[in-house]
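Please look over the structure below before reading on. The briefing covers side-chain contacts, backbone geometry and surface.

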Amino acid sequence: MTDSNTAPAFAEKGQPKDDVFKALMACKDDDLSSDGRAFAFTYDAGEELRDVAQQAFTACMGINALDPTVYPSARRLENEVVAASLQHLRAPEGACGTITAGGTESVLLAVKTARDYARKNRPEITAPEMLLPETGHASFHKAAHYYGVKVVAVDCHPETMKASVEDATAKLTPNTILVVGSAASYAHGVIDPITELAALAQQNECLMHVDGCIGAWVLPFQRELGVAQEAFDFTVPGVTSISMDLHKYAYAPKGCSVLLQRRRDLRDAQYYACAKWSGYAIVNSTTLGSKSVAALGAAWSLFRFLGREGYRHLAKQMWEATEQLCQAVESMDDLRVIGKPDMGLVALTTDEGDIFELADKLTEKGWHVQPTYKFGNSPAHIHLTIDPANSAHMGAFIEDLNKCLDGLGARQDPPSAVVMMLEALVATTDQGGEDVPAAALMDQLGIEDGQLPQSSALIHRVINAASPAVREKLLVLFIGELFS
Ligand SMILES: *Cc1c(COP(=O)(O)O)cnc(C)c1O
C-alpha cells in the first residue's frame, strides 16, 4: 500500500478521493496559521467570514470571465462590486473600473494606462517617466520594468515618511506622465500628501494614481468613525485612478483587487484588443485572458453579508488595537514607531537594540512579524500588518514585546567578510562568469531545504547590509533554489 502523503503527485493509477484530500491537507501543515498571532500575510476577520468566502468561492469556481457575454454572472458581479467601490471612494459621474487579480495587476494596469494615454495624447514623449515616492510599492518598479517607463524616485520626509512634494516638484520633467502617491504606504501606513501631488500632476498634464491597494477600502470606514486623515479619494481634484485590493481589508480570498478610473477614456487606454491572429479576437481589460471570478464572487458575497456597518465595526477593532500598540510603544525604552500610521500598519524600530534579534525573540514566542531592511530614509524595522484577529491578542503582544526588549543586545553589524563575499559572488554573475554556487551560499547562511533557520537574525543582518542590487540577486537565487 502506498502512503497517500508520500505517493507521487501524478501516478499511473488514481487514488481514492479521501486519500487525495488527506494528502492535500497535510501539505498545509507547516503553513502560517490564522490564529491572530500573525502580523503579516493574513487578513483575518474570523471563521464566519472565511466560511462565507469559501462557499462563494466554490460556487463561482466554474465561471470564466474571459467572455462576459457567455457568463453574464461575471459581468453582473464585476459591475456591482465596481459600483460599490466607486461609491466608497466618492467617484464622480462617468467614473468606471475593472476587477483585477490583485494589487500588483491593478498597479501594472495603472502604469500601462498612463503610458498608453500619453502615447495618444502627448506623442512627443518618447522616454516616459513616473514620479514614485521611495515608499511606493515594489509593483510600480515591476510595472516600470515591464512597460518601459522610467522610475524617478521621490524623497520622503525622514520623520513623517510622507512623500516630499517639494522633491516631486523639483524632479518633474517634460517627460513625466504619471505621479504616484500611497494611501497608505505598506511599510509605515501613512497617507502621502495626495492633494498636493495630484495638483502637481494636474498642472502638468500628468495622470495621478493613488495606490490604495492596502488602505482605500478600510480608510473611509475609519473616517466615518471620526479618525482624522489626509484626503485621498476621487474628491481630490487631479486624482485619475485608484487601486484597491479586496483581498486585503475587504477579506476576500487572494485574487481580487479593483482599479478605478476617473473617466472612461482613461480605462480605454488600460484595455488591450487584438484581432491579428487566426483564432478568436480578444479584448482584455486586464493582463490575464481566461480568468476566474471565484475571489470576486467571494468579495461580492462579503459586501452583502457584512454591509457597511460590519466593515466599520472591523475597522474600529483594528484602529483601536493600532492605537493601543502605538501608545504602549511610546512608553518603551529603545523602541519607537516610524512615522505616525494612519491605519493598522506599523513599523517598529530600535535606537540601540538589534531589531533582527528582536524579531527572532518574538518568533520564539509564537508571533509572526516581518523583518524589513533599511531603504532610503526608512531604517531597518519590524513591520506589523494588523487585522481584526490580531486585535484580541494585542495586550499579550505588548507584554511579550516588553519582555523581548528586556535584555535585547545592541545593534550588530553582520560579519563584513560575509557581506563582501556576497557582493563579490553576485558581481561575478554580472560578468557572465561562473554561476554563483547557490546551494553553497544557502548553506553559508544556514538555509536548509528552503527553510530559514529558527534564528534568522544573521541572515537579515547580512541582507540589510548588502546593496539593494545584491539583495535582488540573492532573492532570485533563493527562490530559484526553492523551486528546483
Ligand atoms: C499589497 C500591496 C500592493 C500589491 O498587491 P498584491 O495584491 O500583493 O499584488 C501594492 N501596493 C500596496 C500599498 C500594497 O500594500
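What follows is a short tour of selected local features, grouped by topic.

This is a predicted model. Its tally includes 13 aromatic pairs and 20 salt bridges.

**Aromatic contacts**

- A pair of aromatic rings is described by the distance of the centres and the angle of the planes.
- The structure has 13 aromatic pairs. One of them joins Tyr249 and Tyr251, with 6.5 Å centre to centre and 85 degrees between the planes, an edge-to-face arrangement.
- Tyr249 is buried because its relative accessibility is 2%. Tyr251 has 8% relative accessibility, so it is buried.
- Trp367 and Phe397 also form an edge-to-face pair, because their planes stand at 80 degrees, with ring centres 5.1 Å apart.
- This second pair links distant parts of the chain, 30 residues apart. Trp367 is in the loop between α11 (355-364) and β12 (370-372), while Phe397 is in helix α13 (residues 394-405).
- Both Trp367 and Phe397 are buried.
- One aromatic cluster is formed by Tyr43, Trp217, Phe221, Tyr249, Tyr251, Phe303 and Tyr311.

**Salt bridges**

- Arg50 and Asp44 meet through their side chains at 2.8 Å, N to O. Arg50 is partly exposed because its relative accessibility is 34%. Asp44 is buried, because its relative accessible area is 6%.
- Glu230 and Lys162 form a salt bridge at 3.2 Å, N to O. Glu230 lies in the loop between α8 (219-224) and β6, and Lys162 in the loop between β3 and α6, so the contact ties together parts 68 residues apart in sequence.
- Glu230 is partly exposed, with a relative accessible area of 26%. Lys162 is partly exposed too, at 22% relative accessibility.
- Glu320 and Lys316 pair at 3.1 Å, N to O. These residues are separated by about one helical turn because they are 4 residues apart in helix α10 (residues 294-330).
- Glu320 counts as partly exposed at 43% relative accessibility. Lys316 counts as partly exposed at 40%.
- A network of salt bridges links Lys112, Arg115, Asp116 and Arg119.

**Backbone geometry**

- Most residues other than glycine have a negative phi, and most peptide bonds are trans.
- Which two residues does a cis peptide bond join? They are Ala183 and Ala184, with omega about 0 degrees. Ala184 is in the loop between β4 (176-182) and α7 (194-203).
- Met161 is not a glycine, yet has a positive phi of about 60 degrees. Its place is in the loop between β3 (150-154) and α6 (165-171). Met161 is buried because its relative accessibility is 0%.
- Tyr251, a residue other than glycine, has a positive phi near 70 degrees. Tyr251 is found in the loop between β6 (241-245) and β7 (257-261).

**Surface**

- Val20, Phe21, Leu24 and Met25 make a nonpolar surface patch of about 370 Å².
- Val20 belongs to helix α1 (residues 17-27). Val20 counts as partly exposed, because its relative accessibility is 36%.

Methods: Residues are numbered from 1 along each chain as its sequence is written. Side-chain values use heavy atoms; hydrogens and water are left out. Patches are made of residues with over 30% relative accessible area and no salt bridge: like charges are joined within 9 Å, nonpolar side chains (Val, Leu, Ile, Met, Phe, Trp, Tyr) within 5 Å. Accessible areas come from the Shrake-Rupley method with a 1.4 Å probe; for residues, only the protein chains shown count as cover. A salt bridge is a side-chain nitrogen of Lys or Arg within 4 Å of a carboxyl oxygen of Asp or Glu. Helices (H or I, at least four residues) and strands (E, at least two) are DSSP runs, numbered from the N terminus. Buried means under 20% relative accessible area, exposed over 50%, partly exposed in between (1.4 Å probe, protein chains only). Rings of Phe, Tyr and Trp (its six-membered ring) pair if their centres lie within 6.5 Å; planes under 30 degrees apart count as stacked, over 60 as edge-to-face and the rest as tilted.
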